[in-house]
Amino acid sequence: MELPTLRPFFEDKPELLQEILDRYPPYGRRSALMPLLWEVQRAERHVSEARLREIADIVGVTATEAKGAMSFYGTFHQHPVGRFHLQVCRTLSCKLAGADELYRFLVEETGLVAGETDAEGLFSLQSVECLGSCGTAPVLQVNDAYHERVTRSRCRALLAEMREGREPPPTRERGGDNVSREKAARFAAAAPAVAPGAASAAVPIAVSAAAAGSDRDPEEGGVA
Amino acid sequence: MKVVVDGVTLDLPPGTSAIDAVFAAGSDVPYFCSQPYMSPIGACRMCLAKVGAPRRARDGSWILDEATGEPQVFWFPTLMATCTTAVMEGMVIDTRSEPVKAAQSGMIEFTLINHPLDCPVCDKGGACELQDRAYEYGEGVSRFVFDKRHQEKHHALSALITLDRERCIHCKRCVRYFEEVPGDEVLDFIERGGHTYIGTLEDGLPSNFTGNITDICPVGALLDTTSRFRGRNWEYHHTETTSLDDASGSAIVVDGRTGRIERIKAGHHPQINKSWIDDGTRFGHEYAGAPDRLRRPLVRSNGRLVETDWADAMGYVAARLAELSGKEVGIALRADATLEEGVAARALADHLGSGQLDHAPRPAGGVIAAAGHARLEELAVAGAILVVGDVTEEVPIVDLRIKDALRGVTPPRLFEHGAPIADLRLKERMPRRSGLLTVAAPVRVDLMRHAGRAAVYPAGGELGLFRALNALADGAGADGGREVDPAVLGMPLEAGVATVDALRRAETAVVVLGGWVLASADATQAALHFCRLVGAKPMPIGPMANSYGLELTGVLPSHARYAYAGMLASAKALVLSQLDPAVDSVVAERLAALELLVVHSSFLTATARLAHVVLPATTGYEKDGTVVNLEGRMLPVRAAPVDAGEARDFGGLVKAYGEAVGQRLEGRSVKGARRWLKKSLGVDLDALPPLGAWAPSKRVQARVAISVHPAAARGGALRVPTMVRAEVLDRNPHLRAATGGPALRLHPDDASRLGLRAGDEVTVTVGGVPRRLVVRPSESVPPGLVTVPATPEEPVGLVPVDLARIAVERHALEVA
Amino acid sequence: MSTVAERPKPITSRFDPRFEVTLYRHVGVEGAHTLEHYRARGGYRAAEKALTAMTPAQVVEEVKASGLRGRGGAGFPAGVKMSFMPPADGRQRFIVCNADESEPGSFKDRYLMEDDPHQLIEGMLVAGWAIQATIGVLYVRGEYFLAHERLRAAIAEARSAGLLGRGVFASEEAEDAPGNAGFDFDIILHRGAGAYICGEETALMNSFEGMRANPRLKPPFPAQAGVYGYPTTINNVETLCSMVHIVDRGGAWFAAMGTDDSKGTKLYQLSGAVVRPGVYEMPMGATFRELIHDLGGGPSEPAKAFIPGGSSTPMLPWSEANLDLPMDFGTMARVGSMLGTGGVIVIPEAQCMVDAMANVVRFYAHESCGKCTPCREGIGTWLPKMYQKLLAGLGTREDLALMEEMVRNLGGTAFCPLADACAMPVAASFQHFRHEYEHWVDHGAPMHPTVSRWTA
């Protein structure tokens with residue numbers, strides 16, 4: 001019986017491959033290892049051994065070297081993560097905002113423990129280190145999106161959305177000097193060209209309804 | 001520079017590492033990650049010491065200590081890793097004070113945290129750097145009370161090396177070794193932090209030099225599978241000797257116990273193999289202990305070979321020889337016989353009055369022993385190298401020395417404690433100057449990966465290649481190169497021109513000539529001419545360990561027709577030592593009808609089965625003697641204490657013959673042979689210096705055997721050198737498992753045309769010699785060509801046979 | 001004498017009317033990340049000035065005069081670092097932006113990159129010009145996906161506008177004016193993949209080159225042999241952004257803020273048990289009190305300690321005296337801690353300190369690269385297990401002594417500062433809160449039991 005052959009990942013993506021390779025000087029071809037791993041990770045939710053070997057060949061290193069580099073990092077996975085890869089920050093500032101409880105809640109809700117993916121491939125759960133959003137703790141990263149100040153109710157809402165198969169847009173919070181209203185007003189007065197709220201060139205961010213409104217205005221105080 | 005270590009003042013060259021200063025002063029610090037000939041990395045943190053140095057004021061003068069008037073010593077704020085610290089003028093190193101002792105015992109304690117308490121069952125016990133350092137520098141008790149990290153303990157990295165991941169202390173010697181020495185990056189760390197382990201994705205560790213990691217691993221994590229659980233290190237008897245597996249003369253240590261060889265380790269010879277040996281040398285000892293070793297002489301009686309004793313056997317031989325004319329007796333040694341055995345053979349030939357004396361294999365080129373050959377140390381610093389052949393298989397150490405040249409690593413200055421422990425000139429991942437290397441061969445060979453230029457020329461086309469190179473050297477390339485055909489060159493003209501230019505421009509240039517070149521006298525002459533044209537030194541690779549020596553001491557026929565091939569065809573009686581020509585059925589028929597066939601052999605070979613008398617022979621591990629390596633360096637061979645029954649070397653055979661005929665022939669003892677050699681070579685072999693001595697250079701008139709000049713063809717059966725000698729591969733089960741058995745290689749298209757698949761076992765008959773081989777399709781082989789392993793009887797070279805006429809018989813799978 | 005009297009008092013308070021938010025002026029503003037927005041507000045003016053009206057050496061001098069010290073944690077004088085580069089010899093040179101912000105308590109660079117990517121691009125352009133590096137490497141930690149996307153878009157915009165690529169700010173007139181032919185400069189945006197150690201500059205270079213991210217031996221320093229072995233200068237995001245304003249308004253303007261050893265405006269971060277956590281831009285030398293109380297709304301519950309500059313810096317007990325300390329490099333060193341990235345974390349009284357430190361130690365254990373023995377074994381295995389034993393109620397007094405000794409053995413013996421970054425804070429927790437450790441030993445339970453902290 002002939003087993004189906006896995007087509008190389010980059011076989012039908014020559015322009016993408018070339019664009020990535022061209023980023024680096026010719027003597028730095030090995031640098032393309034990480035961006036190539038990211039492409040595969042994002043498309044297939046993991047990097048299998050076959051893909052790793054393909055990338056090693058492209059970049060000109062042994063498969064062993066490629067595995068040594070890939071396995072060093074926490075964001076490349078040998079086995080598929082779920083459609084929604086839940087990464088809970090557990091380091092000090094998030095812990096002080098209840099990250100341990102958030103994690104236990106997700107364990108109960110998904111039935112998973114750290115590193116596991118559920119049978120349907122919907123969720124996987126991972127406990128990660130500081131995500132660099134300590135001012136809006138606790139933080140949950142779902143795939144590439146940050147969800148900041150994830151309260152219990154927010155968490156429920158996010159899970160519900162994901163269970164319906166929808167990937168929630170990032171939950172952006174504000175605080176400190178990362179505050180829109182006073183500054184936006186000031187700058188709107190000063191600058192001629194740009195209308196406030198003009199669409200950004202890249203990924204749209206959903207400013208959470210609460211922060212865009214109201215009682216969670218950081219200027220007036222109260223992290224409830 | 002003035003350096004003071006624990007009160008001892010030294011004068012050391014700039015660039016010396018502090019750790020070498022420590023050892024040069026007679027002090028000691030522990031270390032695990034440093035390794036001579038490899039980059040220092042400062043990872044294990046064992047070698048920490050208190051280091052200080054004086055400082056200069058703005059005006060350039062030393063800042064003085066007011067109390068003493070001497071330059072003040074400013075201690076560095078933290079303890080320094082001495083392996084990655086370069087000495088400075090006036091540096092002071094303290095390895096004895098309390099903070100250093102505390103750091104040392106602290107680091108031992110950390111190192112032992114996850115290290116399993118396996119000493120009672122670990123092969124490394126008694127020779128383990130961790131045990132020794134823990135004993136010397138540790139507190140004796142660990143305060144770690146938790147469960148240790150658990151990892152795989154019996155991971156077969158290959159059939160030859162077992163990895164115990166729990167024992168690994170992450171010194172990274174093995175990973176660095178593979179990148180820095182053979183350039184085969186087959187091992188790496190996987191994951192990070194406390195989860196780090198050693199692993200590979202290259203099945204079976206494809207490299208000819210994997211075994212060295214079992215020498216350099218400081219603990220019992222990487223172990224030689226052939227000797228696993230065979231004995232405790234303190235039980236082994238260690239014999240320092242020279243390997244007879246190839247022409248390099250590599251230093252080895254034979255470890256044995258109760259009369260058996262259990263393990264071979266690398267010996268240290270700074271000018272030949274440094275501290276590395278190839279896998280064939282290391283793991284290829286099992287045949288010496290094979291159960292079917294011949295232990296007693298055999299004599300044919302009533303058509304059957306029966307055991308007897310030496311006196312009886314040689315009595316029979318003497319009686320038969322007396323009935324023959326001595327001129328009709330042929331004597332042939334294998335080319336790895338020692339000089340002393342050669343003297344014995346000469347003495348026997350002289351006694352018989354026979355000019356039919358030879359050693360085999362002996363290449364037609366006949367220039368093995370000649371003046372002006374390049375030395376390995378010259379190769380290691382060459383500014384340009386041309387290799388014609390597959391040195392990675394033929395003499396693997398030459399491959400490693402070439403890689404030294406590619407990294408620009410000149411031999412280090414040796415301290416009293418040996419090669420520098422931390423040579424700061426060596427760094428991880430140094431760039432390779434591939435532009436200085438051209439590799440040419442009739443098939444793609446592994447060394448081409450590292451070469452700036454690779455040439456795959458038509459098989460058998462060595463003469464054409466050198467004629468083309470000579471034309472380019474004469475300026476043919478300059479006028480459009482119409483005289484030079486790139487197909488003959490195997491590479492584009494520009495590459496050929498670049499090769500010639502590189503060799504010309506280099507201060508030291510070396511041309512390595514493998515067996516395919518030397519198989520043809522014409523090609524060899526053309527190659528030597530090329531060397532003269534471009535100012536390069538040749539390095540001819542003799543086929544076996546003592547090709548140079550046996551040629552030098554005249555173990556040669558008195559006339560070309562009396563050479564080995566000739567004596568097989570026409571002698572009436574033959575005395576053959578460790579040779580097996582009866583694999584060829586035509587020769588076998590002739591041998592069966594000889595008046596007298598005496599076979600001196602370690603095993604009952606096909607030839608031995610036809611003999612009248614079979615005498616048990618010692619292997620290369622079991623005799624005392626001298627060989628001359630490819631550089632012309634005389635090196636000692638020392639017998640390990642092996643129980644080989646009544647096996648003797650050829651000198652012992654001649655001694656027994658002498659006793660049978662009442663004559664005291666020269667060379668009957670090693671001492672006697674050395675007296676003769678002292679007269680003829682002017683060298684006292686009883687007093688060889690530790691690194692050997694140069695053989696006197698002589699112009700040797702080689703009696704050239706009939707050489708075959710196959711027309712260069714793209715097709716045929718090419719006999720290729722193999723690191724593991726094909727004739728012993730079957731009796732080395734671990735190597736056989738690792739290599740998958742002797743291979744028939746051919747292009748995948750040819751394989752499918754012939755209906756062959758990878759792994760098929762076939763019998764291939766080329767030139768009358770049937771060989772049982774395993775099919776390995778490979779893109780390295782050009783279409784129309786098959787490669788089979790060479791043997792001493794069928795040395796490297798091309799048999800220009802139409803591929804379709806090579807009989808291949810597939811063996812049906814036996815269903816149990 | 002009169003000059004001393006005339007010199008104006010340095011700006012050391014956010015509330016000084018002379019102080020204005022500079023680095024974060026666009027952060028939080030919708031649409032601020034576009035080139036249009038940036039240019040309309042004077043963006044790339046500094047780069048143009050540097051490339052057309054200043055020599056590289058002059059830019060370096062201006063940065064030196066500003067007193068700017070590296071904002072990534074080490075606090076090394078940025079101008080001095082740039083002057084370590086060897087004279088241009090035809091070999092490629094690199095300016096690397098270390099955007100691998102992973103220090104727990106630090107989150108300033110993320111908003112800079114998300115909301116004001118052009119400021120960073122301009123900073124790299126200025127720095128590249130100063131050290132004559134034609135290639136910039138922007139290494140962003142893998143988790144900062146939005147920042148990476150914003151930077152990618154911004155780089156594309158800059159290329160289209162000729163602000164990156166060949167001949168940036170090439171002028172048509174004035175043949176012998178500096179920058180006539182323009183400056184060839186472009187940026188390689190490279191995404192990391194989740195490893196704190198990549199914030200160490202030599203490990204970052206190894207990671208960028210496609211290898212395992214172990215730190216390298218120094219010497220050679222990056223200026224001698226950095227990316228791919230070529231001369232390299234590596235700077236933090238905030239450091240590079242600061243250079244934009246130093247060039248725009250002069251080193252003296254920058255140096256008018258801050259204290260004797262720490263100049264300029266700095267992004268401080270506040271997290272933990274405070275009312276208004278976030279990033280606050282303040283002049284250096286402002287006090288913790290100003291940050292925590294005046295800007296941050298004070299602790300949200302009674303506090304017992306604060307970490308001054310990210311989890312690698314030893315904590316300080318909560319006290320009036322400590323709150324009045326100025327936040328600068330010299331003061332922090334003097335009190336036995338470090339300013340680091342200025343990521344202040346307020347630790348509440350009700351948080352068990354042993355539990356908090358176990359959390360921090362687990363961070364370093366997870367992030368250890370594994371190269372050297374003390375970190376891999378001591379921090380990777382032993383220290384976390386000792387904390388687990390304590391927190392299981394099985395700890396003994398000998399264990400405490402052993403932990404203190406272990407921490408001493410780790411200090412100054414490892415290959416890179418990660419081991420110290422774990423050991424020194426642990427030592428500080430023993431120094432100031434040994435009673436909480438002893439409580440665990442004596443009672444098998446915390447002095448401050450776990451309370452719920454998660455908001456509904």
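Trainee: Which residue is the bridge partner of I135(C) in β4(C)?

Mentor: In this predicted model, I135(C) has D186(C) as its bridge partner in β4(C).

Trainee: What makes β2(C) and β4(C) a pair?

Mentor: Pairing takes at least two bridges found by DSSP. Strand β2 of chain C, residues 135–140, is joined to β4(C) by 6 bridges. So the two strands pair. They run parallel.

Trainee: How do you know that β3(C) pairs with β4(C)?

Mentor: The cut-off is at least two bridges. In it, V168(C) has F183(C) as its bridge partner in β4(C).

Trainee: What share of chain C is buried?

Mentor: By the under 20% cut-off, buried residues make up 65% of its 456 residues.

Trainee: How do you know that the radius of gyration of chain C agrees with a compact globule?

Mentor: Set the value against the rule. For 456 residues, the rule puts a compact globule near 23 Å. Chain C has 23 Å, so the two agree. The C-alpha atoms fill a box of roughly 80 × 50 × 50 Å along the principal axes.

Trainee: What share of the contacts joins residues at least 24 apart?

Mentor: In chain C, 70% of the contacts between residues at least 6 apart in sequence do.

Key
Residues are numbered from 1 along each chain as its sequence is written. Chains are lettered from A and ligands numbered from 1 in the order in which they are written. This is a predicted model: local features need pLDDT of at least 70, side-chain atom pairs count only at pLDDT 80 or more; totals for chains, interfaces and linings use all residues. Side-chain values use heavy atoms; hydrogens and water are left out. The radius of gyration is taken over C-alpha atoms; the globule rule is 2.2 Å times the number of residues to the power 0.38. Buried means under 20% relative accessible area, exposed over 50%, partly exposed in between (1.4 Å probe, protein chains only). Contact means heavy atoms within 4.5 Å. Helices (H or I, at least four residues) and strands (E, at least two) are DSSP runs, numbered from the N terminus.
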